[in-house]
Amino acid sequence: MNTPIITLKEIARRLGLSKSTVSRALRDSSEIGAETKQRVLELARELSYTPNPIALSLQRSRSQTIGIIVPEIANSFFGSVISGIEEVAYRQGYHITIYQSHDSSDREVTDVRNILVRRADGLVVSTASQIRNLDHFRTLQEQGIPVVFFDRKVENFQTHQVIVDDFDGAFRATEHLIEQGCRKLACLTGPQHLPIVQQRTGGFKAALQKHDLPIRAEWLVEGPFRQNSGNQLTKELFADLSDHPDGILAASTSIALGAHLAIREVGMKMPEEVALIGFSDPPIAPLLDPPLSSIAQPGFEMGQQSAELLIDMIEKKGKPIRYQTRILQTDLVVRRSSQRTQKV
């Protein structure tokens, strides 16, 4: 026996409301009172109501689709952000299409063209580390497709952005290493043209300056956000075993994982001889030997806020918008890789 398809009309009939009232309640419109919204949502859940994307598209002249571009889907941080976006999008009747740029500018441009051809209603994106020209995103805006940036801040572009306080996170991570007795600190920075990397490097330097510790240029090491890069660059730091760092801040998850492996491969004791802390807090971090300390970022919340800002732009298309840059806070998660048994 086939299960009947529940429509807005049926929900409206059962509640004695108009279809438009039910529709606005399901979209969490501020025009509808909290009590009415609750009645509508409870009945919709009871009846397993699912919005019809084709009907919504015809009604609103929209595809009800949001594009998402991330550098790497396998990265747990971006996976968390995607989950946050999807949670909000689904509740508002939108579907998502996910692309990964692999940190390639060419791939990102191709993804944006695909989004334009498929007429997505909007885009949430963390830009590729190689990107320097933003014309492809401006083309989207000119075609009426709004863009929200997250994680990696973009300069000279008028739109919403959701980021974390990278400077403060790096500062607290570095100060933690100093409090553990580290005096010779290195930073595996990532590509320095990126504002996110500049902020993390700035936080690292500020902590050293606060504690009157030297900033050694040769220990500010730039490389791509790749695990093999973190591994190779860390090994280079230990090429001279008579003069090597005793504390390392790795500016990304991938770099941190590569550094963690390299420290073990060169035979150094962690954290006794060298302490390590990374950025983001991947699920594997507590499972490593020793468990990896991290600056945790609120990825799910970042995704939620990015989606909310984007959908607001979609729903208010053509109306004036005051763009926001929302800055979320990070958490210092201390584990054995940086927690020394005694200070030196």
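Here is a short chat about a predicted model.

Reader: Hi! What should I know before I look?

Author: This is a predicted model, where local features need pLDDT of at least 70 and side-chain atom pairs count only at pLDDT 80 or more, while totals for chains, interfaces and linings use all residues. Residues are numbered from 1 along each chain as its sequence is written, and side-chain values use heavy atoms, with hydrogens and water left out.

Reader: Thanks! What is the strand order in the open sheet of 6 strands?

Author: The order is S2-S1-S3-S4-S5-S11, with parallel pairing. Strands (E, at least two residues) and helices (H or I, at least four) are DSSP runs numbered from the N terminus, and two strands pair if DSSP finds at least two bridges between them.

Reader: Which strands stand at the edges?

Author: Those are S2 (95-100) and S11 (325-328); each has a single partner strand, so one side of each is left without a neighbour in the sheet.

Reader: And how many bridges join S1 to S2?

Author: There are 6, with S1 covering residues 65-70. Ile68 has Ile98 in S2 as its bridge partner.

Reader: New topic: where is Val154, and why does it count as buried?

Author: Val154 sits in the loop between S4 and S5. Its relative accessibility is 8%, so Val154 counts as buried (buried is under 20% relative accessible area, exposed over 50%, partly exposed in between, with a 1.4 Å probe and protein chains only).

Reader: What does Val154 touch?

Author: Leaving out residues up to four places away in sequence, Val154 touches Thr127, Leu134, Phe149 and Gln161; contact means heavy atoms within 4.5 Å.
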